[in-house]
Amino acid sequence: MPVRLYLNNVGKSFTMHLQGGSVIPVVDKVEFSVNAGECAVLGGPSGAGKSSILKMIYGNYRCDQGQILVTIGDEIINVAGAEPRRILKLREDTIGYVSQFLRTIPRVSAEDVVAEPLVAQGTSEEEAVEKARSLLTRLNVPERLWTLPPATFSGGEQQRVNIARGFIAHYPILLLDEPTASLDAANRAVVVRLVQEKKEQGVAMVGILHDQDVREEIADRIIDVTGFAAEVAA
Amino acid sequence: MSLFQADEPLLQVHNVTRYYGDRVGCADVSFDLWPGEVLAIVGESGSGKTTLLNCLSTRLAPTAGAIEYRMRDGSMRNLYQLSEAERRLLMRTDWGFVHQNAADGLRMNVSAGANVGERLMAVGDRHYGNIRSTADAWLGRVEIDSDRIDDDPRSFSGGMRQRLQIARNLVTRPRLVFMDEPTGGLDVSVQARLLDLLRRLVADLGLSVVIVTHDLAVARLLSHRIMVMRHGNVIEAGLTDQVLDDPREPYSQLLVSSILQV
């Protein structure tokens, strides 16, 4: 299977100017690649830099050094050096991000929140909402909530709305940021199925999954992030 | 379909500088704005945000630098070399300007319908029935009831006035809209409604927007890109969520860490 994503010598640190300019090293010399149809899971304890790596791939955190290369057809894009509008385009059609935290928008209904990424890719609103409803059904979000804005939903309901939003569209690369955290067993199983369907469609995935059972079911490979630990500046 | 496919920028800003006597209003600002892109300019009071916005919108001539705009015929023109007639036509048709204080952008002593219709008349529409029905449709889009069309904006609440101002600006289908703190001074529930409305209209119409705000939540919700200004300089710029989630400059970090969490 072709390589979809390649991180080459990626490094990241935070400079905390409000704390006297102290530098917090995060990761250094990160190097791995992910193939189409493969799910690579980042392993390591909290604070090892797993989330920072995902956020750099999504262009949400800046990458201080190295390259984050994404293959789109014959083209290779370096996320680490891409213009903002190129990153926005990548997020529209190439890289998806599934997280548990929903950023609610006033007055937008749950089904529209879920349908939005598909509409952005050019699917008709009608078809996108239909697909949104079927995903919300699969994730056991009660039908009476679909037309309401999710701001007042419970934490678990918001989480499932956001998972539906993350899975609805096709992206060649999908980033999974603890999508199953605090889900019940039934919904966890749904997410595992969704991930397997993405694999069959050839999607390359990078995930953070603390849940041991889920990890065993969907990880093709574990990448130990502690191997990329940055040296603490003296 | 996608907002990010246009291959030519709509606005190109080159080293724009504005002095007030010896004091710097804004210094050496350069950026490109693309079709469909929303750019937020953030920073504290006195940072030069509004000076820059006024320079961009030809309301205040820069001391140095150049601003080029792609006209509807595709040609790139230096804004400060346009004739007065060309500049006025641009401001009345292809551009909008949404003021913080709606009274600055509306005519307070004529009806809501006339406020919207006036811009249509300015571009040559003369058919009363068409103007009225277009005005009515736009009042609907900004969620103002038809039965208020003959009332003048003095009888409107702050939120309604702001929505009316937006309708007045958008009725000529502009391609570029400048906004100066459009949600400032409104209470939060009114703000949320206005923001949602703006977000939808901007996306539906594919508008390019330059919005000045000191509210980072507004910037996060509406903008693709952010420029942080301080003492007249752009100190940090980039993708909105990148600047807000991973701010690099000391002042940007201070701004982001000063947001109250609800």
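This is a predicted model: local features need pLDDT of at least 70, side-chain atom pairs count only at pLDDT 80 or more; totals for chains, interfaces and linings use all residues.

Colleague: What makes a residue of chain B count as buried?

Modeller: The cut-off is 20 or more other C-beta atoms within 10 Å of the residue's own. In chain B, 45% of the residues pass that test. For chain A, buried residues come to 41% of 234.

Colleague: How do you know that chain B agrees with a compact globule?

Modeller: For 262 residues, a compact globule would have a radius of gyration near 18 Å, and chain B has 18 Å, so the two agree. Its C-alpha trace spans about 55 × 50 × 45 Å along the principal axes.

Colleague: What is chain B built from, in helices and strands?

Modeller: Chain B has ten helices and ten strands. As for contacts between residues at least 6 apart in sequence, 65% of those in chain B join residues at least 24 apart.

Colleague: And how confident is the predictor about chain B?

Modeller: Chain B has a mean pLDDT of 93, on a scale from 0 to 100. Some 97% of its residues reach 70 or more. The model itself scores ipTM 0.91 and pTM 0.93.

Colleague: On to chain A. How many helices and strands does chain A have?

Modeller: Seven helices and nine strands make up the secondary structure of chain A. Its radius of gyration is 18 Å, close to the 17 Å that the globule rule gives for 234 residues, so chain A is as compact as a globular protein of that length. The C-alpha trace of chain A spans about 55 × 40 × 35 Å along its principal axes.

Colleague: What share of the contacts in chain A joins residues 24 or more positions apart?

Modeller: That share is 73%, taken over contacts with a separation of 6 or more.

Colleague: Let's pick one residue. Why is L102(A) called buried?

Modeller: Buried takes 20 or more C-beta neighbours within 10 Å. L102(A) has 20 inside 10 Å, so L102(A) counts as buried. L102(A) sits in the loop between β6 (95-99) and α3 (110-120) of chain A.

Colleague: Which residues is L102(A) in contact with, leaving aside neighbours within four places in sequence?

Modeller: Those are P150(A), Q158(A), V161(A) and N162(A). Two residues are in contact if their C-beta atoms lie within 7 Å, so each of these four meets that cut-off with L102(A). As for R85(A), it is 17 residues from L102(A) along the chain, and their C-alpha atoms are separated by 23 Å.

Note on methods:
Residues are numbered from 1 along each chain as its sequence is written. Chains are lettered from A and ligands numbered from 1 in the order in which they are written. Helices (H or I, at least four residues) and strands (E, at least two) are DSSP runs, numbered from the N terminus. The radius of gyration is taken over C-alpha atoms; the globule rule is 2.2 Å times the number of residues to the power 0.38. A residue is buried if 20 or more other C-beta atoms lie within 10 Å of its own, exposed if 12 or fewer, and partly exposed in between; C-beta atoms are placed from the backbone.
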